[in-house]
Amino acid sequence: CGGSSETFTITVNPTAQVNDPEDQVVCNGTSTKEVTFSTNNNTLGTTTYNWTNSAPGIGLPATGSGKIDAFQAINTGTSPVTATITVTPTFSYDMLSCTGPSQTFTITVNPTAQINEVSDQVVCNGSMVSTVFFGTVNSGGVTAYSWVNSNTGIGLTETGTGNILSFPAINTGMIPEVATITVTPHFTNGIVTCDGPTEVFTITVNPSGHVNVPDDQEVCSGSAVNAITFTTDNGIGVTTYSWTNNAPVIGLAASGTGNIASFNAINAGTAPVVATITVTPHFSYESITCN
């Protein structure tokens, strides 16, 4: 004798699945992109996500669930920090939950670009400025440098990149010329470039020493030669003078420094004696002397 049939179901949930999120590279202090997880499983069930973070120091907690909101990335070090995020999907349907294989992606936080301190230079007109080599403590990427110059009159272009090669300094004026160089470092890793604080240094070009031409003098033997006070058109710094005399027989030493005091002229001979005085000016500023 047959009876009434009975039906029942066997439901097999799929393995949970999560699509691989995109890796990110950002700069210290900038915002990451929001990470929204997705799945190819259909909407008949619900997929949830739990994740772990290997480097909470970047500003993201060690664990969490659901999407990852945008956050301000942190890296106070000198090289990139890479956090590996492992996300595990869970598929739920009809009160049964099934986990699936995890996916990993990374968030790399580049450090702020950094440049080592650069020494100021003081040189004389016509002398060579030393090559300026820029350096950094950053590693794990490439640091480049761009710079601007406030005073092209010293012989350096207004802008440039990389180290500043040695060049002949120019100052045809009477006072020191000061150029302020502002350098910006750029750290690049993972096709992302991060700028850093600028470094400022100066190149000062002193003028050549200058002396106004003293008047020639003609005197009689035994009379007084007028005192000679040397003067200059140079300003800001200090100008000193040294001189030589090719005819000490007139009563003036063969060499000396500073002004020439009045003295009694001597000529015991029968013809005029001409003494040629050669005076050299020395301009000093910021511990550099330029003749």
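Me: Does Tyr-241 count as buried or exposed, and at what relative accessibility?

Reply: Quick note first: this is a predicted model, where local features need pLDDT of at least 70, side-chain atom pairs count only at pLDDT 80 or more, and totals for chains, interfaces and linings use all residues. Residues are numbered from 1 along each chain as its sequence is written, and side-chain values use heavy atoms, with hydrogens and water left out. Buried means under 20% relative accessible area, exposed over 50% and partly exposed in between, with a 1.4 Å probe and protein chains only. Tyr-241 therefore counts as buried, at 10%.

Me: How are the rings of Phe-230 and Tyr-241 arranged?

Reply: Rings of Phe, Tyr and Trp (its six-membered ring) pair if their centres lie within 6.5 Å; planes under 30 degrees apart are stacked, over 60 edge-to-face, and the rest tilted. Here the centres are 5.4 Å apart and the planes sit at 40°, so the pair of Phe-230 and Tyr-241 is tilted.

Me: What is the relative accessible area of Thr-239?

Reply: Leaving aside neighbours within four places in sequence, Thr-239 has contacts (heavy atoms within 4.5 Å) that include His-210 and Phe-283. Thr-239 is buried, and its relative accessible area is 17%.
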